[in-house]
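Colleague: Thanks for making time today. Could you walk me through this fold while we both look at it?

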Amino acid sequence: ENTPYSFIPTATDPDQDNLTFVIQNKPVWATFNTSTGALTGTPNFDQAGVYTNILISVTDGSLTSSLPAFGITVVNVNRPPTISGTPQTTVAEGTQYSFLPTATDPDGEGL
């Protein structure tokens, strides 16, 4: 998550025809350039998971070649918990002192 991903395939045509790239099963967090075949993007925390059967092909208008289908696994990174509150900095002698901070974990893990 939150790490840029980039894959750019290489393709040539012996006849020097113009090439166009196509993709199937593009991850929702990615963009695809039909001129270069570049698959790029930065998935966020909510987009963690396995994206399978991604297929990039190139065509010269007559013939098509494809890379083997592949997958991308987006892994969540453990984010730090947060803590807040403002404790009193003085207490009268003989008086009980108490401070209860508020803490949360953005990943929902126990604290």
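Predicted model: local features only at pLDDT ≥ 70, side-chain atom pairs only at ≥ 80, totals over all residues.

Colleague: Let's start with charges: how many salt bridges does the count come to?

Modeller: The cut-off is a side-chain nitrogen of Lys or Arg within 4 Å of a carboxyl oxygen of Asp or Glu. The side chains of arginine 79 and aspartate 107 meet this way, at 2.8 Å from N to O. By this rule the count comes to one salt bridge.

Colleague: How many residues apart in sequence are the parts that this pair ties together?

Modeller: Arginine 79 sits in the loop between strand S7 (70-74) and strand S8 (82-84), while aspartate 107 belongs to the segment after strand S9 (102-104), so the pair ties together parts that are 28 residues apart in sequence.
As for accessibility, arginine 79 is partly exposed at 26%, and aspartate 107 is partly exposed at 22%. The separation you asked for is 28 residues.

Colleague: Is serine 98 buried or exposed?

Modeller: Serine 98 is found in the loop between S8 and S9. Its C-alpha atom is separated by 8.5 Å from that of proline 87, 11 residues apart along the chain. Exposed means over 50% relative accessible area. Serine 98 has 62% relative accessibility, so it counts as exposed.

Colleague: Which backbone nitrogen does the side chain of glutamine 47 reach?

Modeller: Glutamine 47 has its place in the loop between strand S4 (39-41) and strand S5 (49-59). With a relative accessibility of 19%, glutamine 47 counts as buried, and it touches Val28, Trp29, Thr42 and Val74, not counting residues up to four places away in sequence. At 2.9 Å, its side chain reaches the backbone nitrogen of asparagine 44.

Colleague: Which strand pairs with S5 in the antiparallel sense over five bridges?

Modeller: Let's go through the partners of S5. S5 and S7 pair in the antiparallel sense over four bridges, with glycine 49 opposite valine 74 in S7. S5 and strand S6 (residues 64-66) pair over three bridges. The pairing over five bridges, in which glutamine 24 has leucine 55 as its bridge partner, is with strand S2 (residues 20-24).

Colleague: Which strands stand at the edges of the open sheet?

Modeller: Three strands form this open sheet, in the order S1-S4-S3 with antiparallel pairing. S1 and S4 pair over three bridges, and phenylalanine 7 stands opposite leucine 39 in S4. Each edge strand has a single partner strand, so one side of each is left without a neighbour in the sheet; these edge strands are strand S1 (5-7) and S3.

Notes
Residues numbered from 1 in each chain as written. Heavy atoms only, no water. Helix = DSSP H or I, 4+ residues; strand = E, 2+ residues; numbered from the N terminus. Buried < 20%, exposed > 50% of the residue type's maximum accessible area, 1.4 Å probe, protein only. Polar contact = N/O pair within 3.5 Å; in protein donor to acceptor, adjacent residues only side chain to side chain. Contact = heavy atoms within 4.5 Å. Pairing = 2+ DSSP bridges.
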